[in-house]
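Open the model in your viewer and keep the selection tool at hand. Each stop below tells you what to select and what is there.

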Amino acid sequence: MLVACHEPSSGVLEGGPAPAPRAELGGDCHLESVDMPEGRNYLTMGLAPTLGGEQVMRQFIPIRDYLTSTLGVDVRLEVTADYETLIRKSINSEVDIALLPPYSYVQVTEKKPDIALLASVLYLGRTRYSGFILVRSSDPAVSLKDLKDRRIAFVDEYSTSGYLLPKHALESQGISIESGFSKVTFAGSHAAALDLLAKGDVDAAATSSEMLGLYRRKQLDSAKLQQPGQVRILYKTGQLPYDALCATDAVPESARKKIAGAFLAMHNRNPSAQHALAASVAITGWAPPDDSRYDAIRTVIQSPKPTTESDHVAE
């Protein structure tokens, strides 16, 4: 019994995500000249503007510093103007490492199937999150059909919870994105979409459980989102995996294992890596790569208009 208390699985809740494997640190993760993109002594990491560019940059600066120290090379961050730009740069190997939202990852793998999946994000220890369509708390809507001919905000045409899943849900109930609303806005980030809803500029907004949590905890960069009770969930659009960390073919294969090891060792149970996640609003680590996590997104893409309606409960 005493020995069992020291098993590696001790303290892990059954059914939760498997703990990230311990990665080799120090010199074993240091990149040598043969591991670097041709003609360069630094790596670039591309990020989507999910929270808005400035807030994304702030939370990834400590992660960049940790990677620079662990890998022994300069790591430079680039938050792209939109999701499509990150997709293009990943396909064209204009960035070395990319953190791709789920739908963006699937789009990239369709055009570039050999892109290397290194890990997936863990948010608060979870590997999956939910998509929502929100309305203001005072709104009389009780179903998606009550949004017809009104105003809605999406995040980006390549956002999973901010467009793909809500589009799928709306079309399953016969509501066309092109003709079913008086106004459709692509806000550019989840924070901006929530801002539009809180101000009353739109009647509904698509977002994720993670972003709604940040909103309710007042962790989004927006002066308008001050009262957590302002919005409520009208419709749950489904569950999906978190973002995919990838290496493009600009990165030699010899470097990919070292980069993956550096990320997998970056979790809140590793005292030497905790500072890297200190500025993050919710990232607590990285899960080992598993492309099958993203098959649900592929299914939605291939079947954009379901023949039956799912039973979703409004909150």
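**Before you start**

This is a predicted model, in which local features need pLDDT of at least 70 and side-chain atom pairs count only at pLDDT 80 or more, while totals for chains, interfaces and linings use all residues. Residues are numbered from 1 along each chain as its sequence is written, and side-chain values use heavy atoms, with hydrogens and water left out.

**Stop 1: the whole chain**

Show the protein chain as a cartoon: the secondary structure comes to 8 helices and 11 strands. Helices (H or I, at least four residues) and strands (E, at least two) are DSSP runs, numbered from the N terminus. Of the 315 residues in the chain, 54% are buried. Buried means under 20% relative accessible area, exposed over 50%, and partly exposed in between, with a 1.4 Å probe and protein chains only. Take the contacts (heavy atoms within 4.5 Å) between residues at least 6 apart in sequence: 78% of them join residues at least 24 apart.

**Stop 2: helix α2**

Select residues 83-91, which form helix α2. Its buried residues are Y83, T85, L86, I87, K89 and S90. What do they pack against? The partners are β1 (42-47), β2 (74-79), β3 (97-100), α3 (102-111) and α5 (190-199). After α2 comes S93, whose phi is positive, near 55°.

**Stop 3: helix α5**

Select 190-199, one of the elements that the buried residues of α2 pack against. How many of the 10 residues of α5 are buried? The count is 8, so the helix is mostly covered. They are H190, A191, A193, L194, D195, L196, L197 and A198. Just after α5, G200 has a positive phi of about 90°.

**Stop 4: the cavities**

A cavity is a set of points on a 1 Å grid over the protein atoms alone where a 1.4 Å probe fits but cannot get out; lining residues have an atom within 4 Å of a point. Grid points are joined across faces, edges and corners, and a volume is the space filled by probe spheres set on the points. By this rule there are 2 cavities of 30 Å³ or more.

Select T50, P101, Y123, M211 and D243: of the 21 residues that line the largest cavity, these lie nearest its centre. The space in this cavity is about 240 Å³. α1 (53-71), α4 (160-172) and α6 (209-216) each supply at least two lining residues, and α1 gives the most, with 3.

Next select T50, L51, Q59, Y123, M211, L214 and V281, which line the second largest cavity. About 30 Å³ of space lies there.

**Stop 5: D35**

Select D35, in the segment before β1. Is D35 buried or exposed? D35 counts as buried because its relative accessibility is 3%. Its side chain reaches the backbone nitrogen of E32 at 2.8 Å. The side chain of D35 also makes a polar contact with the side chain of S254, at 2.6 Å. A polar contact is a pair of N or O atoms within 3.5 Å; within protein, one must be able to donate a hydrogen and the other to accept it, and residues adjacent in sequence count only if both atoms are side-chain atoms. Leaving aside neighbours within four places in sequence, D35 is in contact with H30, P252, S254, A255 and K258.

Conventions: 1 Å grid on protein atoms, 1.4 Å probe; cavity = no way out; pocket = protein on both sides within 12 Å on 5 of 7 lines; lining within 4 Å.
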